[in-house]
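Visitor: I would like to go through this structure with you, one question at a time. Could you show it first?

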Amino acid sequence: MITYLLSKIFGTKQERDIKRLEPIAEEINEKEPEVSSWPDERFPAETEKLKKELADGASLDEILPIAFAMTREAAKRTIGLRPFDVQLIGGIALHEGKIAEMKTGEGKTLVATMPVYLNSLVGKGVHVVTINDYLAQRDANWMGPVYQFLGLTVGFLQNDMRPQEKRAAYNCEITYGTNNEFGFDYLRDNMVVDAAYKVQRGHHYAIVDEVDSILIDEARTPLIISGPSEESTDKYYRINSLISYISKDKDYQIDEKLHSASLTEDGVRRIERILKLPNLYDPMNIDIIHHIEQALKAHNLFKLDVDYIIKDGEVIIVDEFTGRLMPGRRFSDGLHQALEAKEGVRIKEENQTLATITLQNYFRMYEKLAGMTGTAATEADEFFNIYKLDVVVVPTHRKMIRIDSPDMIYQTEKAKFSAIVSEIEELHKKGQPVLVGTISVEKSERISSMLKKKGIPHQVLNAKYHEMEAEIVAQAGRKAQVTIATNMAGRGTDIVLGGNPPNQAEHEEVVRLGGLHILGSERHEARRIDNQLRGRSARQGDPGSSSFYISLEDDLMRLFGSERISGIMTKLGLKEDEVIEHPWISKSIERAQKQVEAHNFDIRKRLLEFDDVMNKQRSFIYKERDILLAEEDLSPHLIEMIDELTDTLFDAHISEENQDVEGLQRAISRTFQISPKLSENDPVELKENLKRSIFEGWEIKKKELGEDFVGIQKMIMLSVLDNLWKDHLHNMDALKEGVYLRAYGQKDPLVEYRREGFGMFEELIYAMKEETVSRIFLIQIQKQMLRKESLSTKKGMQAIEEAPISAKRKIGRNDPCPCGSGKKYKYCHGK
């Protein structure tokens, strides 16, 4: 009631936002007569003038009206589109680092050109983020003439581009690309061995198109660059075979709401008997428990043709939000291998993480972030909590006149699908185009099969045939067209009544028939996805309609909302094929959706909280790496490392109460590969003598390497950092898996992860220093050894490399290296 009264007095948030932005839009309009009189050649010159004003201290806000007016005129002259006033408001919101919610068909792609042009004048590059490669290329080519007319360069990223092509795209003032390309390029840039190989040049300003899809829907899956680990794949076949010996409910339980699987006490005892293990929960068996749970998930929670498909003998993930195939992406933590074992296809090696980042933390690196979508208001809290992004709801240019029918509820899925096909048949006879939205490949093919039996021509757009999705969706508004689309496939492509390019006569006829009808075959777990589907109809003032068909057997209803509704339907004595329509039931469904949305938000938030721990560590490591790449001579850093290591080793062995000179001698010999003569003495004098000996040896060895020293030290420091960071990621993954068990001991897994993760990171930093110094000293010792043996450097190195191979037994990666360095084989000649 209080909120209602306040909105009456002060206006709604939307009204207040628009009232604040309208005067700025008026300023832009006032500049239009002047700008429209300019000759074409003046625009690039004015762009240079604006750049100079910014360099001299002007703010972006000060030059916004003229910059927007110039972009509007450039669009009018090059691509024949003039942004409306509401589009100016959307552009201002984007410049301010907010999310502009604009309905489908309101011209978001054009809106972005104005803030993109303005912010590119700073000279740090602007990134426009799209949901797929097709849209990145399409939008860059479509809007490119606008930017080029103004004197700017524009490029786009594609998955199959070579590094030099990507570098050229990033060096443009404006770069279009997908969230995955931007994120993976960032990770790859932090794996290069030379700064010249980097492709990105910073994170200044980004506009994310379909921001809800990228920052929310895809945020549950982190970006991971991985390489094969050394573990055998046999264990997955063995564990998969166990599943047939245990039964659901008795031996294990499945929680579909939480998407989890766990063994019961009976199941634990049964597994122990089969595997002949005294205690399955022994810490040594944690890995077995983890893989059994993953196999249970694979068999009970992941469905073929819904969550994944089999193509060319491979398990390919189906994106649950867009319905697209995701080749190259793999489920982590051994789940993908469990699915491969379940389906009887060849199991690929389990991957080890080499670099990883969540989309949340990648996009939070930008100095300024903005986004646009047709549906953001329902997730406004999450956008603000995670990204500090406010949502501005921009009014439509023409009034939206779509008719949204109440939900049609059936008791069974069979009855629901029969009703769906009947309505499609009726609308097709009438000539009205229909877009049918499904949530999986399986459901889309089921409807397609039923339509084929009825002889109704239709187009199927799902994960299996997504190559032509934009073209198929663009024609969904033609007369009598029936299109079945998995979820939100084809998002970003306008559906024009009468087809695209438009046919005026057909357009008018389709308008007379009622426009495009949206038929949802199931409610999605997020209200926003349903709103997106509805939003494909009634664009720019066109007529349109929508209806959703639901059964009590649908996943959402079965898990979250069907018991009370089922009870009511039973009491009313409704038959299987009878429909019920009631606002109360629609409210109940919405409550169920809110439950799922809250649960999914918790998952994303938890993922981010864990990744925030890694993010601090990753930022430190990547900063260190940049220093290593940027500086020519790293000697000052090495000298600092040597000094710190000497202090650490000395303090560990020598104190006023105790002087373990012999232990210190061994530690110094192992780390620095020298044997200084030490004796019990005054600690201060002992430390001075020790440092003098080490640095004297260091100077001598520096001279021995000569001009190669600078390159060798950089190579070693990068190699050590990369390899130890890779191992650290693996250890942190293992910690994250194991830390959840501590909840049973009334400990917060996140607090434990932070505490232990910090300790592991401190150990990593020390290990990096010790490993770097030791390896540099070791290389020089080998050179000395080879000289004594009167061998050429080439033959000597060959002899050292071959020595471990000629040993009688195979050397394990964690065994001491045979060269006598004291290091593990994997860190020495097994590297």
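Visitor: Does Arg446 count as buried, partly exposed or exposed?

Guide: This is a predicted model, in which local features need pLDDT of at least 70 and side-chain atom pairs count only at pLDDT 80 or more, while totals for chains, interfaces and linings use all residues. Residues are numbered from 1 along each chain as its sequence is written, and side-chain values use heavy atoms, with hydrogens and water left out. Buried means under 20% relative accessible area, exposed over 50% and partly exposed in between, with a 1.4 Å probe and protein chains only. Because its relative accessibility is 33%, Arg446 counts as partly exposed.

Visitor: With which residue does Glu413 form a salt bridge, and in which helix does that partner lie?

Guide: A salt bridge is a side-chain nitrogen of Lys or Arg within 4 Å of a carboxyl oxygen of Asp or Glu, and Glu413 forms one with Arg446, the closest N and O atoms being 3.0 Å apart. The pair links distant parts of the chain, 33 residues apart, with Glu413 in helix α17 (residues 413-430) and Arg446 in helix α18 (residues 441-454). Helices here are DSSP runs (H or I, at least four residues), numbered from the N terminus. The partner is thus Arg446, and its helix is α18.

Visitor: Is Glu73 buried or exposed?

Guide: Glu73 meets Lys76 in a side-chain salt bridge at 3.2 Å, N to O, and both residues lie in helix α4, three residues apart, about one turn of the helix. Lys76 counts as partly exposed, because its relative accessibility is 34%. For Glu73 the relative accessibility is 4%, so this residue counts as buried.

Visitor: How many salt bridges does a search of the whole structure find?

Guide: One of them joins the side chains of Arg138 and Asp139 at 2.8 Å, N to O, and Asp139 is buried, with a relative accessible area of 3%. Others form a network that links Glu413, Lys416, Lys443, Arg446, Glu522 and Asp554. Over the whole structure, the number of salt bridges found is 54.

Visitor: Is α2 parallel, perpendicular or oblique to α4?

Guide: The axes, which are lines fitted to C-alpha atoms over the stretch in contact, with angles from 0 to 180 degrees between N-to-C directions, come within 8 Å and cross at roughly 55° for helix α2 (residues 13-36) and helix α4 (residues 60-78). Angles under 35 degrees count as roughly parallel, over 145 as roughly antiparallel, 65 to 115 as roughly perpendicular and the rest as oblique. The arrangement of α2 to α4 is therefore oblique.

Notes. Helix = DSSP H or I, 4+ residues; strand = E, 2+ residues; numbered from the N terminus.
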